[in-house]
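Me: I would like to learn how to read charged residues in a model. Could we start with surface patches and then go to charge pairs?

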Amino acid sequence: MNKLKMATEKGVPSNSRVLMLLSKLERINGDVIQKNVSITRQVTAKILHLIQTQEKSGKEVMSKGSSGMEVILASLENTQDVPTILNVLYILSELLTAGRGRRAGVFVSKGGTGILFQILTTASKELAPSEELMLQLHSLLAKVGPKDRKFGVKARLSGAMNVTVCLIKQNLQNSKLLLPCLQVLRVYSTNLVNSISLGKNGVVELMFKIVVPYIKKNSSLLKVALDALGALLKSKTNARRAVDGGYVPIVLALYLDWHRNDTRHRHMLIRKGLLVILRNITNIKLGRKAFIEADGMRILYNSSSECLPVRTLDPLINISSLIMRKCFPKNRLPLPTIKSAFHYQLPHVPVVGPAAQLYSQPPGVDDVVDESDDNEETDADTDNDSDNEEEEKEQRSLNDDIETDLNKLHPKTGLGRPFEELRVYERFFLELSEDFQGSNFDSSSTASSSVSLSSSSASTQSTQPIIGPTAQALSSKHVPVLNCQEDCNPTKGISMQPSLSAPTPAPHASLHSLELDNIHLTKDQDHKENLHIPSIDTQTSLPSLPFTGPPAQEQMKEQELSHVLECVSIEEEGAMKIGGEGGGVKQEGSSANATRHIQSPLLLGGITTRRVGGGGGSNWGSDCGSEGADDEGGEGAVLEVPDTALLLPLHDPDLYVEMVKGTHSVPQYAEVAYPDYFGHVAPKSREPHLERVYGVQRSKIFQDIERLIHPNDILDKVVYDLDIPSCPVIVGNGESLKFNSQFESGNLRKAVQVRKYEYDLVLNSDINSNHHHQWFYFEVSGMRVGSTYRFNIINSEKSNSQFNYGMQVLMYSVQEAISGRPCWVRTGTDICYYKNHFARSSIAAGGQKGKSYYTMTFSMSFSHKDDVCYFAYHYPYTYSTLKMHLSKLEALRTRQIYLRQEVLCKSLGGNDCPLLTITAMPDSNSNDHVCQFRNRPLIFLSARVHPGETNASWVMKGTLEFLMGTSPLAASLREAYIFKIIPMLNPDGVINGNHRCSLSGEDLNRQWQNPNPELHPTIHHTKSLLQYLAHIQRAPLVFCDYHGHSRKKNVFMYGCSVKETVWQSDVKATSSDLQEDLGYRALPKILSQIAPAFSMASCSFVVERSKESTARVVVWREIGVQRSYTMESTLCGCDQGKYKGLQIGTRELEEMGAQFCLALLRLKRLTGLNNHQHLLDLESDIIGTQTKVVSSSPTTYVMEEDEPSFLEAVDYSAESNDEDVEPESEQGGEVSENPNHQDHLPDSDANHRN
Ligand SMILES: [Zn+2]
């Protein structure tokens, strides 16, 4: 049969000699008794000859479908005759040398390794085993070992491993036999159990005996021995053996010998082998100690520095730097505590959760000790010598997170709350009961105010609502704020008494609703009333002033100007104190003059006597009032405000300052950052991803290591420190930069000048938390032109960052702004992100082992002397900015637009949470039109639950502007839906510069299952709105919560699907469980067709356990909204579509927000009105046949809402050893094939900025 097979398949000629011989061999194998040994010898020898002399013979034996390998292996099993065995081993050796591993794979799959081990153990029992046989066996085993996943286990169980070890011991001088034995040992040692067992048998010491003397001859043998030893030392017990045996200084000395003598770099692999040994030994604490004691840092630092000019030596430098980083003594952050510098006293401390944990931590918790356990042989019980172990573990935990409880995958029935409790929310849905009887629909009327909401809603009381009871229907003029503080008793319901809550003005007057006077102040009233806007009396003249200063004069006045630029302050004239009650920040000193004029540089006459800021510092508070006297009475200080009115219709500096006055921050900020004051105009130029400079991370790490090698070069000078609340800015001698972060959304806790042009920066943790460092926003001044500054943010926490993949920081230059370019620009060079030597204790880390921090480093040369610059993680968007934008949106209202702005509730910190209702006015007050108006499906949108995700606010801005636009598309969208929008779910987090949490120290997007009315008021009331809607059968058609994503590119969505969740897990589900229409896919599908930044491939519709309390999952399951989404926008940029290779900007983000609206319009066209079956069919049409679509685009499974498993992930931790391998191949160098790349916005649909 086999012969037939061999003869016919693959076109092998039937007269092939080698195949005829194999057939003969097969017949011999079949004989029970080997009659004639010599015939077998003869046949095998002939086959060998053919294979050695004719390449085609080998091919014929190994051709696909051939059973040649089986025949050969069978003959090996059947014979005891050594010459025959040798013949066959030679044959195999010839065969396996070619074919690049495929043939070895065939050999392994046919059980070849087991047969070789069998022969090896049998032969070892002979009195004098044939050396040639041992040699051949080991040579072959060394070849096939790496192809056999079970090689190590088989070797140990068969006893072959011991045979090899004995041979090594007996043949230390016999390098011919020693070499293949060491090669095989190297493969054995990749299995951890084998390593431990070999260590017990003295093999570690044996290997050191082979490698230690520096001898240049026989380098290949040395290299193999080093590799084997390196593999053995992966076991912690073996590493400890090496330390105890005093081998660390010996290996270091040996490395130096090779480094010095190998001048022509011919023995790179030996030098690398020695470093791998050191790397593995220093995985244990004792090893690191021994390394430091043996002066390892200096030895490796110096040798690596000498290697730097030779590119081929990069692997040596990389491993050296890895070892040095690992051994660099772990340190705590230079802070008194890692708890936030600001404290907010919670009304009550939650019983469980992060805040509870934080409150119960003992003092001294931040001290960092090396907590690694040297005796831990974590993987010792596994028999898999698998390199994929980590991967498998990860996969396992991913699968663990998939929701497998089918009950939790189906909509929950009943709201769990009595309707009486929800009835109070009716007041937020006046549009559902409006009858417009008092409205003027006369089309000839030009007064748009005639359809203002107050008039239309004034008639509400006489309306018979279509749905839902009318009890307690209120005029919108007196919609009370739901005051969470007083509403914590759920049985009491929400009180309607105006005295309990601050009244909200009528919607059309909401421009004033957020102003100081109208806000019910609960504390620090005195302070707020004293706030003063310096530019208040320039309101009218300010925007009209041109900026036409000749450059020469501009330069002359540069120095003086800078003083004016220090900071816009809302402090009152003269010295004043701000009580730091719980805030931790105190400001003293004189303030800006109340009559500050802002005008062109031409008119800077009085500037020299008028200084707004402390001498060159970042603000007048910087110098602790020392220069207060200078500020008196200066009349001529001028500041030019860039005229952005045309470009930024929603921006108004004076209005911004007004808004800031009504914003409550925990540190009671009294300053305004320039970028927020001036506004940001998206730059016209493209901002491609930053190309990573070769070896950038390595050189940064070397600079870090130099701190240890040359400690005297380090300044270690604290120049900014929020932990000194009275005076965070430390006065210097003018040799240091000045920092400031004391303004809304600011985050920088400490700045330490390390070298002349290098600063370590420490971020503040979220309030009531000791971590979540990621968002930053701070001011820098006092820079020199022509010097390159290096900034290191040293307490980043994520294990990887888009800063490794082309993302740059954002910078705003005030000098540029007043020259007419008020914009945030992507900037910074030499950017990278890596694990550093700072760590926190296991207790502080919440019971996990002490966690290392990461450094985000960037370099910067400033182009203007005496500039004031701002740096931010992403385009800032403050709460006051939102209030300003909302106020300006009122002005966009036309008589066709129905817009209502209300205050949903107060946040924990006493800030209003705005709620918007946008739809179209009905065509008339006829019954039909009013019915159509009331029955429009609802779209419910929210954003910014995570404060650090400012991009979500820019997307929201795009959505809001589109909705308020005059285009016919915007009009039809308004006619199609009623939009309910909560643009900022976490005002307090935004205001106080948090990255993730609210003032309760909790992630609000993990509170949706059981939001606490007192601690999570915005979530509690938002969920109540949705519950109310569900109750009156008006659950929204679409719910979408806008987020930002820090580790992925593009824009994408997460949704919820039972089917896709079940398919990802191994849950057995009945077919009825899997009945699910694909409606949830329609919106993302449409978006992927119309929005260039949107990527369908990144979307996921799996429900995870860890997400069960997010908005998306709760709204899906409890409210029953099938299209419930999280929309994630990248913080970095795109790697597909029109914006491929570019970093994302506010223009693209706003465009995304507009395109989301267009997608809703298309969704409406698809669905038609009120015809749900029709809708499903159509959706199926656009998304293709059900199974096909789902299987062809499997959703990527994600671990954490904001950090899905990262496809581009590169291990940038200290355990990685090839760090400078370019991380992203798919990003390539090319930016775009499209030459028209600069067209940012399509002119048609998305152009809503008219
Ligand atoms: Zn988020």
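Reply: Helices here are DSSP runs of H or I with at least four residues, numbered from the N terminus. The model is a predicted one.

Me: Which helix gives the most to the positive patch?

Reply: Helix α2, residues 17-30, gives the most, with three residues. The patch lies on the surface and gathers Arg17, Lys24, Arg27 and Lys46.

Me: Is Arg27 buried or exposed?

Reply: Exposed means over 50% relative accessible area, and buried means under 20%. Arg27 has 56% relative accessibility, so Arg27 counts as exposed. Its place is in helix α2.

Me: How should I read a salt bridge?

Reply: Side chains of opposite charge can pair when their charged atoms come close. The structure holds 43 salt bridges. In one of them, the side chains of Arg41 and Asp81 meet at 2.7 Å, N to O. This pair links distant parts of the chain, 40 residues apart: Arg41 is in helix α3 (residues 37-53), and Asp81 is in the loop between α5 (68-78) and α6 (82-97).

Me: How do the two partners count in terms of accessibility?

Reply: Arg41 counts as partly exposed because its relative accessibility is 35%. Asp81 has a relative accessible area of 12%, so Asp81 is buried.

Me: Which residue forms a salt bridge with Lys408?

Reply: Glu1108 does, with the side chains meeting at 3.3 Å, N to O. The two are 700 residues apart, with Glu1108 in the loop between α42 (1079-1090) and α43 (1111-1117) and Lys408 in helix α24 (residues 406-409). Glu1108 is partly exposed, at 25% relative accessible area, and Lys408 counts as partly exposed at 32%.

Me: What about Lys906 and Asp912?

Reply: They form a salt bridge whose closest N and O atoms are 2.9 Å apart. Lys906 is buried, with 7% relative accessible area, and Asp912 counts as buried at 7%. Elsewhere, salt bridges that share partners join Asp704, Arg707, Arg755, Glu758, Asp760 and Arg790 into one network.

Me: Where is Arg790 placed, and is Arg790 buried or exposed?

Reply: Arg790 is in strand β8, residues 788-796. Arg790 counts as buried because its relative accessibility is 4%. Its side chain is also joined to that of Tyr834 by a polar contact of 3.0 Å.

Me: Which side chain makes a polar contact with the side chain of Glu779?

Reply: That of Tyr870, at 2.8 Å. Glu779 lies in strand β7, residues 777-781, and counts as buried at 0% relative accessibility.

Conventions
Residues numbered from 1 in each chain as written. Predicted model: local features only at pLDDT ≥ 70, side-chain atom pairs only at ≥ 80, totals over all residues. Heavy atoms only, no water. Patch = residues over 30% accessible without salt bridge, like charges linked within 9 Å, V, L, I, M, F, W, Y side chains within 5 Å. Areas by Shrake-Rupley, 256 points an atom, 1.4 Å probe, with all protein chains shown as cover. Salt bridge = Lys/Arg side-chain N within 4 Å of Asp/Glu carboxyl O. Lys, Arg positive; Asp, Glu negative; His and termini not counted. Charge placed at Lys NZ, Arg CZ, Asp CG, Glu CD. Buried < 20%, exposed > 50% of the residue type's maximum accessible area, 1.4 Å probe, protein only. Polar contact = N/O pair within 3.5 Å; in protein donor to acceptor, adjacent residues only side chain to side chain.
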